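Morning, everyone. I have one structure to walk through today. Please bring it up on the screen.

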Amino acid sequence: MSKTYCKNISYEFEHITSSATRKWFARFVESLDLQNVQMRHERFHELLVKIEDFELFLQKKLPNVKRYGLEGSESIAVLLDQIIYEGAQQGISEVVAGLTHRGRMSLLAALFEYPKDELLRKLHGGSEFPNDSMHTGDMLVDLAKPGTISYPDVASPINVDVLWNACHLESGTPVAMGKSRTKDINIARKKKDPNYVLGDNVLAVSLHGDSSFAGQGVVAESLSMSGLSHFTNGGTIHIINNNQIGYTTPSSHTRMTRYASDIAKSFDMPVIHVNGENPEEVARAAHIAFAYRQKFRKDVVIDMWTFRKRGHNEIDEPSFTQPGMYNAIRARKSIPAQFEETLVSSGKLTKEQAESVRRDWLNALNMAFVSSAACDPVEPEKSSDWKLLTQSNGGYPTQKPTGVDLATLYQVGVDSVAQKHGIKVHPRIERFHIKPRLKRLHDGHGIDWATAEALAFGTLLREGYNVRLSGQDVGRGTFSQRHAMFVCQETDKVYVPLNNMGSAATGGAQGKTAQNHGSSSFGKLEVVNSNLCEEAAVGFEYGVSTEDPFTLAIWEAQFGDFYNNSQAIVDGYIVSGETKWSQQNGLVMLLPHGFDGGGPDHSSCRLERHLMLSNDPLDGHAHDGFLPNIYVTYPSTPAQFFHLLRRQVKRNFRKPLIVAGPKTLLRLASAASSLSEMGPGTSFQPVLDDPTVADPRIVQRVIMVSGKLYYDLAKIKEEHPLGEHIAIVRVEELSPFPRDALYNALAKYTSASDFVWVQEEPRNAGAYSFVAPRIKQLLPKHVELRYVGRPEHAATCSGVETQQAAEHAQLTSEAFDGLHGLVADLVMDNINIQHSQQAATASSSSMKKSSSTILPASVQHRWSTRPIYAAQSSEQ
C-alpha cells in the first residue's frame, strides 16, 4: 500500500459516487505493482532530450523570442506520448489535442513533428502560411497543424489534430470536446460497426495550466457537460501542467483548495497526482488514466507536478517575485539530464546512444534554421469533407435558390407534428401547436416562424444533412413555440417527429452526397437541451461546426443577451478563425432580440457588437485579402428565416451566421409567410422593398429598418393619410452589407428627398453606427441620412415598462413627422415646373396635356450615376 500510494504517484478516487468504480480503480492501481507497465525508455529519453535541446537551441539563437518554454515540465511529452501510444494500440485512429501556451513550440517540434523549418520561420517572425496566403496567422503560442505519429509496434499511424487555440485561457477545452465527439461519430457512421461505443475511434486530450484550471469558469462549465448525453465524447484525458505558479502569483493566491485539480472532484472524476521529475511514474499515470477512460468512457485528470525553469516567458525575471522558489529551481539538475543518467547507470542506455540522439537532433535543428529563411510553408491539410468545399471569394455572394417544391414542404410540415402510437401529447400542444400547423399547411399561407424552421430542418434532413440544435430549453423553445420534441404525458418518453419521417427521398440529396458519398439516407435532428452555461456550450458547438461542414450546427440563446457570457468564443474563434487559421465554420447563433418590455437584460442580442466584429469594408471596396468573416441578419419573415437556415449548408463554403431572432413576431399574424415564398426558385433576399408602394415616383420619404420594428411602422403607414408617400425598406442582412440590393431599392424612389434609418435600440447600439456610413455612400449627393430612435443610453433599454412603451410610441411617431411638409414641397415643385413648361410652350397649339403624376424633373438626375463604391459579387 505504501509503495502504491505514498511515493511519486498518488490518487484521489474516494469521492467518486459509484462504489463499483472506486473498487475497480483501487484494484487496478494496486495490481500495477504485479504487472509491468511497458516502459519505452529509449523513446522517453529521445522525447525529453529533444525538448531540452530545442529549448536551449532557441534560447541561444532567438533569446528575445517569447516562447513560453517547457523547461522543467519536459515530462509532459512522455505523458502525451504514452497516452497516444496506448490509444493506437487499442485501435484509436485519431487524437484531438488541445494544448496550452506553455511548451507548445517544443511539443510541436519534438512530438507532433511539425516541420522544423516552418516552425523556425514562425519563430523568426514569419507566417505559418504560404507566402501567397491571405490568412494573417496567429501568435506562436496558438500555432497548430495536424500530423501523424507512427510507432514501430503499431500497424497504423495515428492522426493527431492539434487544435488552434485562442489566447483566452482554457477556451479550447470545450472546442476539443465538440470536435472529438463529432469526429468520432462520423468515423463510426462510415464504419457501420454494430458494436461501436462512443470514444472507440477518437481520443481527446486537453492540457491545462494549474492556475487556469482552478480559476477559469469555462473549465467547470466544460467538466459539467462532459458526462451529459449530447456532449460526452467518450472521455477526455485532462492534463494539468502544474508548475505551482500563475505568471507571478503563487498557488496560495490562485485557489482556496489544496490541489489545482480539486474542481474535477465535483464531477466524479478521479485525479492522478504524479511527480513530473520521474518520467517512469509519469508513464504509469498515463497508463492508468487511459485504462480508466477506456473502461468507463469518462473524463479523468492527471495533475503533473513540475516547475518552470524560467519566468512566465523567457524575458521575465522570476526572482523578482519568487526568489526562494527560483533559488531551489536553479540548484536542480534538469529532468532530461537526470533521466539520462539513470538510464546510463542502469545499463538501459549507453552514453554513445545518448550522445547520438542529441547530436542528430541538433544537426537537424541547425539545418532547419538555415533553410527556414527560404521556407514557404504548406497549407494545413483539410479533412476529406472540407476538401469538398471551397473558400468564399471577396464581395457579396450571388443568392442562389434555396426553395423546395411545395409538395415536399407540405409533407415535411405534416411530418413535423406527426404523432406516434404510444406517445400521449399534451392536450394544449395538440390544440395550439399541431392542429394550427396542419391548417396553415393546408391553406398554404399563415406559415409562422416555428413552422418555417421545421420546414428548413426537415427538408435538409431529407437531403441527407444533419441538424444539431443546442441551447437551453431548445426542445420546447424559450417561448413555447418550437416543440421539436414531444414528451409523453404518461411515460416521459421523448419523441422527435422529424427523426421519423420514413425512408429518404430518392432525389435532391445533392448537397449531402459530399458526406454520405452518394447515400440517400435521411440525416438526423439532434435536439440538445444544454446545461445552464454559455461559453462552454458555444465553444462545443463551434468544435462541432469546424469538424463537420455538413451538419447544420445551431446554438440558440434563451434571450439574445445571454450570448454575452460566450464573447471570448465569438471573438477568438467564431468570427476570426478563418482569417487567422484558415478554419471555416458554419455555426448559427440564434439570438432572440427585440424591445418588448423584457428590460435591459432580455431585450438585445447586441447587434452592434457583432457588427463591430465584421470585416465588411467601409468604403465598399473589396481590399486585398478580404473574406467576409461573418453574416449578421435580422430577418422579418418566416420565409426569410427558412432560406437563411438552408442557405447556410447549401453554399459551397461556410461562414458563421448571427440571427437576431424573433420573440413577439413568433405569433404575430402579419409576420407570417406563404408556402410559395419557400417554393422553387425562391431564396433569401438581403433587402426587402416595400410591397405596398403603388407608384415609387410619389414617395417622398424612404424609411430603412431591420427586424420587428417594420411591422409597427407598416401599421402606422397603412393608417396614415399620406402613407402612399412613404416607402419602408427592410435591410434583412446587415453584414456583409448588401450595397447593390439596397441601392437598387432606393434608386426607384426618384422623388424622395428624405432618407431615414429607424431603430428601437439606442443610438449607440443596434445597427445604426454600422449602416449609416454605408448607406450615405449610396444616397444622392447633398442628401443626408437621418436617425430616428432612442438616444444614447448606458443600459440596453429602460427596465420600466411604461417608459419603454412611451419611448417606442415616440420613435415610431417621429418616423412620420414632417410628412405633410414634404408632400407640400413636392406639390409646389410640381406646380412650378408645370407653370414653367406652360409658359415655354404657350404659343404651341400642339402642346400635350401635362402629366398628372407628381414627378419633379429636377430630381431625376439624382440616381443617374452609380455610387462611388465598386460593387462586386461572387458566384458561389
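Which helix does S211 lie in? S211 lies in helix α8, residues 210–215. Before more detail, the ground rules. This is a predicted model, where local features need pLDDT of at least 70 and side-chain atom pairs count only at pLDDT 80 or more, while totals for chains, interfaces and linings use all residues. Residues are numbered from 1 along each chain as its sequence is written, and side-chain values use heavy atoms, with hydrogens and water left out.

Back to S211. Is S211 buried or exposed? Buried, at a relative accessible area of 18%. Buried means under 20% relative accessible area, exposed over 50%, partly exposed in between, with a 1.4 Å probe and protein chains only. Leaving aside neighbours within four places in sequence, S211 is in contact with I245, G246 and T254. Contact means heavy atoms within 4.5 Å.

Now the whole chain. The protein has 28 helices and 26 strands. Those are DSSP runs, numbered from the N terminus: helices are H or I with at least four residues, strands are E with at least two. The C-alpha trace spans about 120 × 65 × 55 Å along its principal axes. Buried residues make up 58% of the 876 residues. Of the contacts with a separation of 6 or more, 83% come from residues 24 or more positions apart.

Next, helix α6, residues 116–123. How many of its eight residues are buried? Six, so the helix is mostly covered. They are E118, L119, L120, R121, K122 and L123. These buried residues pack against α3 (41–61), α5 (104–110) and α14 (351–371). Just after α6, G125 takes a positive phi of about 105 degrees.

L123 also leads us to the core. The largest nonpolar core has 154 residues, and L123 is among those with the most contacts inside it, as are F112, I272, M589, M704, L742 and W757. Apart from that core lies another, of 65 residues, among them V588, V659, A671 and L822. A nonpolar core here is a set of buried Ala, Val, Leu, Ile, Met, Phe, Trp, Tyr and Cys residues joined through side-chain atoms within 4.5 Å. In soluble globular proteins, nonpolar side chains tend to be buried together.

Last stop, I272. Not counting residues up to four places away in sequence, I272 touches I9, S10, Y11, F25, A285, I288, A289, V300, V301, I302 and D303. That's my tour.
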